[in-house]
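These are my notebook entries on a structure that I am opening for the first time. I record what I looked up, entry by entry.

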Amino acid sequence: MTTFYGLPGAEAFWHGTTLVHFLLVALAGGTAFYTAVLGLRRPDKARRLAWWALGFIVLDLFMLWAESPARFRFSHVWLFLSFEPASAIWWGAWGLATSALMLLLLALGLGPARFWSGVLALSSAVVLAYPGYALAANAARPLWDHLLLALFPASGLLVALAVVVWLRPREEAAPWLQVAALASLGLTALYPVALMSGGADARAAFALWLRDWGVFLLGGALLFLAAFLARRAPGPASLCAVAGAFVLRSWVVEAGQHSLFMHGF
Amino acid sequence: MQPGHNRLWIRQRELGVFPDLTVEYRPEQCLHCENPPCVPVCPTGASYQTRDGLVLVRAERCIACAACPYDARFMNPAGYVDKCTFCEHRIARGEDPACVETCPTGCRVFSDLDDPKSPLHAWLAEAERVDVLRPEMGTAPKLLYLNTPSKRGLAAHESDVES
C-alpha cells in the first residue's frame with residue numbers, strides 16, 4: 001500500500017474550457033489550411049472563408065487567454081519575446097499569430113494573395129500539428145502517445161472540413177471530408193495498438209484505455225458514419241465528424257492528464 | 001505556500017512479503033535533473049537551468065503549463081507553476097536547503113557533486129546502492145537515493161526493481 005505525507009503535483013490541471021480550446025484550435029488551424037489551399041488555386045474565392053478562419057483564431061486565442069490561470073498577469077507576451085524552438089506551444093503561438101496576419105491580408109485582398117496563401121499553408125499546418133506535439137512531449141502522461149502527432153492534425157482537419165461543408169459548395173469539400181474521416185478512423189484504430197506495443201508506461205496507459213474503450217467505440221462509430229455519409233449526405237456527415245472528433249480529442253486530453261505514477265516508480 | 005500544495009512530499013510504502021517486510025519512507029520533490037525535460041518544452045523561457053544546475057521557474061514569465069515526469073511541479077493558485085527550488089536563496093547564503101537543515105533524523109545531505117571532498121561523496125562511498133528515480137528516462141536526476149528498499153541500484157536490471 002502507498003500513502004503520502006503531502007502529495008505530488010499529479011492532480012488534473014485542465015478543465016472543460018481546455019477541451020473547448022482543443023476543438024477550437026482544430027477548427028482555426030483546419031479552416032486556415034483550407035483557406036490557404038483555396039487561396040493558392042483561386043485567391044478570389046478564399047476571401048470569405050479567410051474571415052471565418054480569422055474569427056475562429058480570434059475565438060481560440062480569447063479562450064486560451066480566458067482559461068489560463070496566468071490571464072491577468074499577461075505573461076503570454078513572453079511567447080513572442082522568447083526564442084524556444086524546442087517548445088510546441090511556442091511554435092503554436094507563432095503559428096496562430098502568423099496565420100491571423102496572413103488571413104487578414106487575404107480577407108482584405110491586400111498584397112500578393114498566392115504568396116500569403118503559401119505562408120498560411122505552412123503556419124496553419126503548424127497550428128494543426130502543435131496540440132498533439134505538445135501533448136506527446138509530456139513524458140509524464142503516457143496516454144499522450146506519439147501517435148497524437150498524426151491523430152490530432154487529421155482529426156483537426158476533419159473538424160474544419162465539417163464546418164467548411166456548410167460554408168462552401170458541398171461538392172467541393174465533401175470528398176475531402178470523407179478522406180479526413182477515414183484517416184482519423186484509421187489512426188483511432190491504431191491508438192490502442194500503439195499503447196499496447198509500447199514500454200511499461202504505455203502498457204499501464206493501455207489498461208486505462210481498456211476501462212474507457214466504449215468512448216473510443218462511440219468516437220470511431222461517429223467517424224465511420226461521417227465517412228459513410230460524406231458524399232451521400234454531407235450535412236449529417238459533418239455533424240457526425242465534429243461529434244466524433246470532439247469525443248476522441250476530449251477523452252485523450254481529459255483522461256491523459258491524470259498521472260499513472262502515483263503508485264510508484 | 002497555499003494549503004493543499006507541496007513542494008516536497010513523503011511516499012510511504014509497504015514492501016516485501018511476510019515475514020520479510022519493510023516500510024519505506026521516501027522523500028520526493030523536484031530532482032533538478034541534469035537533462036530537465038521541463039526546460040526545453042517551456043514556451044516562454046520561464047523554466048530554466050542555472051549554471052550551478054538548479055532548475056527554477058521565473059514566475060513572471062510562466063503561462064501555467066507543466067511537464068515533469070516526476071509530477072514535481074504544481075499550479076500555484078497565483079497562476080504560475082511552482083516547485084522545489086532547493087532553497088536557492090539559502091544556498092546563495094551558504095546555507096543548506098530547509099529540508100536538509102530541519103530533517104530530524106539527518107537522513108539528507110546537500111553538497112557539491114563536483115567536489116570530491118564534499119560530505120556527499122563520503123555517503124556515496126559508504127552506500128551499498130545508489131539510485132535515481134526513473135533512470136530509463138535519461139533525465140539524470142541530481143537527487144540520489146542511497147540504500148532505498150524499493151530499489152536495487154543503478155546497475156540492476158529494470159525488471160529487478162520493485163515499483
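**Entry 1: confidence**

I note at the outset that this is a predicted model. I looked up the overall scores and found ipTM 0.84 and pTM 0.89.

For chain A I read an average pLDDT of 91, with 98% of the residues scoring at least 70. Which helix of chain A has the lowest confidence, and which the highest? Helix 8 of chain A is lowest, at a mean of 83, and helix 4 of chain A is highest, at 97.

For chain B I read an average pLDDT of 89, and 94% of the residues score at least 70. Among the elements of chain B, the lowest mean pLDDT, 89, belongs to strand 5 (residues 74–76), and the highest, 97, belongs to strand 4 (residues 55–57).

**Entry 2: where the chains touch**

I next looked up the contact between the chains. On one side are 34 residues of chain A, and they are in contact with 37 residues of chain B. I asked which elements of chain A supply at least two residues to the side that touches chain B. They are strand 1 (2–5), helix 3 (78–81) and helix 4 (88–108) of chain A. Strand 1 of chain A gives the most to this side, with four residues. By class, I recorded 20 nonpolar, 12 polar and two charged residues on the side of chain A that touches chain B.

**Entry 3: a sheet built from both chains**

Strand 1 of chain A called for a separate entry. I found that it pairs with strand 1 (residues 8–17) of chain B in the antiparallel sense, over four bridges. I noted two positions along this pairing. Thr2(A) stands opposite Arg13(B), and Thr3(A) stands opposite Gln12(B).

I then followed strand 1 of chain B to its partner within chain B. Strand 1 of chain B and strand 2 of chain B run antiparallel and are joined by 10 bridges. In this pairing, Glu14(B) has Val23(B) of strand 2 as its bridge partner. The two strands form a hairpin, with two residues between them.

In what order do the three strands stand in the open sheet? The order is 1(A)-1(B)-2(B), and the pairing is antiparallel. Strand 1 of chain A and strand 2 (20–29) of chain B stand at the edges with a single partner strand each, so one side of each has no neighbour in the sheet. Neighbouring strands of this sheet are turned by 20° against each other on average, direction ignored.

**Entry 4: the domains of chain A**

I turned to the division of chain A and found domain 1 (11–137) and domain 2 (169–260). The C-alpha centres of domain 1 and domain 2 of chain A lie 22 Å apart. I also looked up their contact: nine residues of domain 1 are in contact with nine residues of domain 2. Helix 1 (residues 16–41) of chain A gives the most to the side of domain 1 that touches domain 2, with five residues. That side of domain 1 divides into eight nonpolar residues, one polar and no charged.

**Entry 5: helix 1 against helix 6**

I stayed with helix 1 of chain A and looked up its packing against helix 6 (residues 148–167) of chain A. The angle is about 70°, and the axes are 7 Å apart. The two helices are therefore roughly perpendicular to each other. Among the helix 1 residues in this contact I listed Leu23(A), Leu27(A), Phe33(A) and Tyr34(A), and among those of helix 6 I listed Leu157(A), Val159(A), Leu161(A) and Val164(A).

**Entry 6: helix 7 against helix 8**

Last, I looked up helix 7 (residues 170–196) and helix 8 (residues 200–211) of chain A. Their axes come within 7 Å and cross at roughly 135°. Helix 7 and helix 8 of chain A are therefore oblique to each other. From helix 7, Pro192(A), Leu195(A) and Met196(A) meet Ala202(A), Arg203(A), Ala205(A), Phe206(A) and Trp209(A) of helix 8. I counted by class again and found seven nonpolar, no polar and one charged in the contact of helix 7 with helix 8.

Notes: Residues are numbered from 1 along each chain as its sequence is written. Chains are lettered from A and ligands numbered from 1 in the order in which they are written. This is a predicted model: local features need pLDDT of at least 70, side-chain atom pairs count only at pLDDT 80 or more; totals for chains, interfaces and linings use all residues. Two residues are in contact if their C-beta atoms, placed from the backbone, lie within 7 Å. Ala, Val, Leu, Ile, Met, Phe, Trp, Tyr, Cys and Pro count as nonpolar, Asp, Glu, Lys and Arg as charged, and the others, Gly among them, as polar. Two strands pair if DSSP finds at least two bridges between them. Axes are lines fitted to C-alpha atoms, for helices over the stretch in contact, and angles run from 0 to 180 degrees between N-to-C directions. Angles under 35 degrees count as roughly parallel, over 145 as roughly antiparallel, 65 to 115 as roughly perpendicular and the rest as oblique. Domain bounds come from an automatic or database domain assignment. pLDDT is the predictor's confidence in each residue, from 0 to 100.
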